[in-house]
Amino acid sequence: MIVFVCKGSRGDVQPLACVAASLKERCKVEVSFAYDFQCPSDVGEYLISHGLNVLALPSPATCLPGSVLEDGDIRSPLQLDDDAKLLLLTAELKEIVKFCSKADGIVFNLFAYEVWLVAQQLGIPSIALSTFFISRTPVQGFERKFKSTFPKLYHLLKSSTKVTHPFTVATPIHSSHTPSQ
């Protein structure tokens, strides 16, 4: 079984939903798909109509205290304070671990990067897919936004002097270039 875990809005999730449905149809393998509260429900309906097992990850409305939600509808985790983000992530991770535990492989998008850690802990091969070009240079303003959104993590990363997990950047299949070493 291949499990997809994708977070984000329609543009972040729907392309991978199409890949998942195509994988099930063409390769005749069991495919499951988890998505978060930011994605419209019709993407889940599309996946179900193609025979995939589907999991809607916990939303702020289902796992956070009512006081956090007083200001109205939460459309993005960025609207939450650090404690609420941690509660939401914890609830999501509990469901993701259960959902992925019997997988033969895990596919995730870049907004679900924590799934890589889940895959490592479970000993399951995983890969990140992005339908967007990933430059090696962060976009202007990235560091400022990252710092304001995740201040504790930002300071930990900035104070770290040792790289513990080096990574490589994959070259797209259609590219005629070979990866540099």
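Here are some friendly notes on this structure, from the whole chain down to two of its regions.

1. A word on the basis. This is a predicted model, in which local features need pLDDT of at least 70 and side-chain atom pairs count only at pLDDT 80 or more, while totals for chains, interfaces and linings use all residues. Residues are numbered from 1 along each chain as its sequence is written, and side-chain values use heavy atoms, with hydrogens and water left out.

2. The overall layout. The chain has 7 helices and 5 strands; helices (H or I, at least four residues) and strands (E, at least two) are DSSP runs, numbered from the N terminus. Along the sequence they follow the pattern β-α-β-α-β-α-α-β-α-β-α-α. Of the 181 residues, 30% count as buried, where buried means under 20% relative accessible area with a 1.4 Å probe, protein chains only.

3. Strand β2. Is β2 buried or exposed? In β2 (residues 31-35), 5 of the 5 residues are buried, so this strand is largely enclosed by the rest of the structure. Val 31, Phe 33 and Tyr 35 point one way from β2, whereas Ser 32 and Ala 34 point the other way.

4. The neighbour β1. Strand β1 (residues 2-6) runs parallel to β2, with 5 bridges joining them; two strands pair if DSSP finds at least two bridges between them. Ser 32 in β2 is the bridge partner of Val 3. Between β1 and β2 the chain passes through helix α1 (residues 10-27), in a right-handed β-α-β crossover. Right-handed here means that, with the strands pointing away from the viewer, the path from the first strand over the helix to the second runs clockwise.

5. The neighbour β3. Strand β3 (residues 53-56) is also parallel to β2, and 4 bridges join the two. Tyr 35 stands opposite Ala 56 in β3. Helix α2 (residues 41-49) carries the chain from β2 to β3, and this β-α-β crossover is right-handed.

6. A helix pair. Helix α6 (residues 142-149) and helix α7 (residues 151-159) pack at an angle of about 120 degrees, their axes 5 Å apart. That makes α6 oblique to α7: angles under 35 degrees count as roughly parallel, over 145 as roughly antiparallel, 65 to 115 as roughly perpendicular and the rest as oblique. Axes are lines fitted to C-alpha atoms, for helices over the stretch in contact, and angles run from 0 to 180 degrees between N-to-C directions.

Notes: Buried < 20%, exposed > 50% of the residue type's maximum accessible area, 1.4 Å probe, protein only.
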